[in-house]
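Below are a few notes, point by point, to read with the structure open beside you.

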Amino acid sequence: MRAAKEAVKRYEAMAEESLMSIHDFPKPTLAVIRGYCIGGGVNVAISCDIRIAASNSVLSIPAARLGLGYRYSAMKNLVDLVGPGVAKDLFFTARRIDGDEAQRLGLVTRSCPADALDALLAEYTTAMAENAPLTIQAAKAITREILKPSPELDMELCTALIQGCFQSADYAEGRTAFMQKRKPVFSGR
């Protein structure tokens with residue numbers, strides 16, 4: 001799809017829209033990496049909020065071996081995630097790393113043996129589903145604001161998101177459940 005100039009434009013526009021839709025999705029996104037996660041697969045994974053991987057997974061960004069350029073948003077996601085030094089290491093060398101090294105470098109949040117990956121996924125999805133949706137959405141949006149250059153930071157949005165949490169039925173439920181020493185049941189309102 002990227003052999004001709006116009007095809008490159010179409011591919012890049014499609015990829016940018018797709019990956020930024022994942023990145024900007026208001027609810028938490030979680031990538032589960034099992035096996036090979038190379039190039040575009042890494043781009044999808046780093047567009048997600050959380051990445052978990054089997055220890056024996058293989059991750060690589062082989063762009064330097066292919067002579068292709070990475071768009072700004074993908075490079076920014078990578079640098080924001082692992083820092084400029086690790087991003088350059090992975091990008092310049094195009095080396096392959098396993099899930100454990102990916103965790104040490106900050107590319108994935110957690111790694112585990114392949115046969116424990118489904119249980120780790122269940123742990124994450126259960127924990128997120130049991131927590132206050134408005135709080136999670138606010139945390140995701142505010143984190144995105146923190147990563148923006150300071151002139152673009154929308155403090156009014158951050159304040160409104162925080163106030164929305166404090167004014168929600170979920171906040172009242174969380175306080176009540178805490179005082180009653182029971183698990184809260186959140187509604188997202």
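1. Lys181 is exposed, with a relative accessible area of 77% (exposed means over 50%, buried under 20% and partly exposed in between, with a 1.4 Å probe and protein chains only). You will find Lys181 in the segment after helix H10 (169–179); helices here are DSSP runs of H or I with at least four residues, strands are E runs of at least two, and both are numbered from the N terminus. Lys181 is not a glycine, yet its phi is positive, about 55°.

2. A word on the basis of these notes: this is a predicted model, in which local features need pLDDT of at least 70 and side-chain atom pairs count only at pLDDT 80 or more, while totals for chains, interfaces and linings use all residues. Residues are numbered from 1 along each chain as its sequence is written, and side-chain values use heavy atoms, with hydrogens and water left out.

3. Ala94 is another non-glycine residue with a positive phi, near 60°. Ala94 sits in the loop between helix H5 (84–93) and strand S5 (97–98). Is Ala94 buried or exposed? Ala94 is buried, at 0% relative accessibility.

4. Thr29 belongs to the loop joining helix H1 (5–24) and strand S1 (30–33). With a relative accessible area of 13%, Thr29 is buried. Leaving aside residues up to four places away in sequence, Thr29 touches Ile22, Ser47, Cys48, Asp49, Ile50 and Lys140 (contact means heavy atoms within 4.5 Å).

5. How many disulfides does a search of the whole structure find? The search finds zero, a disulfide being a pair of cysteine sulfur atoms within 2.5 Å. Cys158 is in no disulfide, and its nearest cysteine sulfur, in Cys165, is 12 Å away. Cys37 is buried at 8% relative accessible area, and Cys158 is buried at 6%.

6. Please also look at helix H2 (residues 40–47) and helix H4 (residues 72–82), whose axes come within 10 Å and cross at roughly 60°; axes are lines fitted to C-alpha atoms, for helices over the stretch in contact, with angles from 0 to 180 degrees between N-to-C directions. H2 is therefore oblique to H4 (under 35 degrees is roughly parallel, over 145 roughly antiparallel, 65 to 115 roughly perpendicular and the rest oblique). On the H2 side, Asn43, Ile46 and Ser47 meet Ala74, Asn77, Leu78 and Leu81 of H4.
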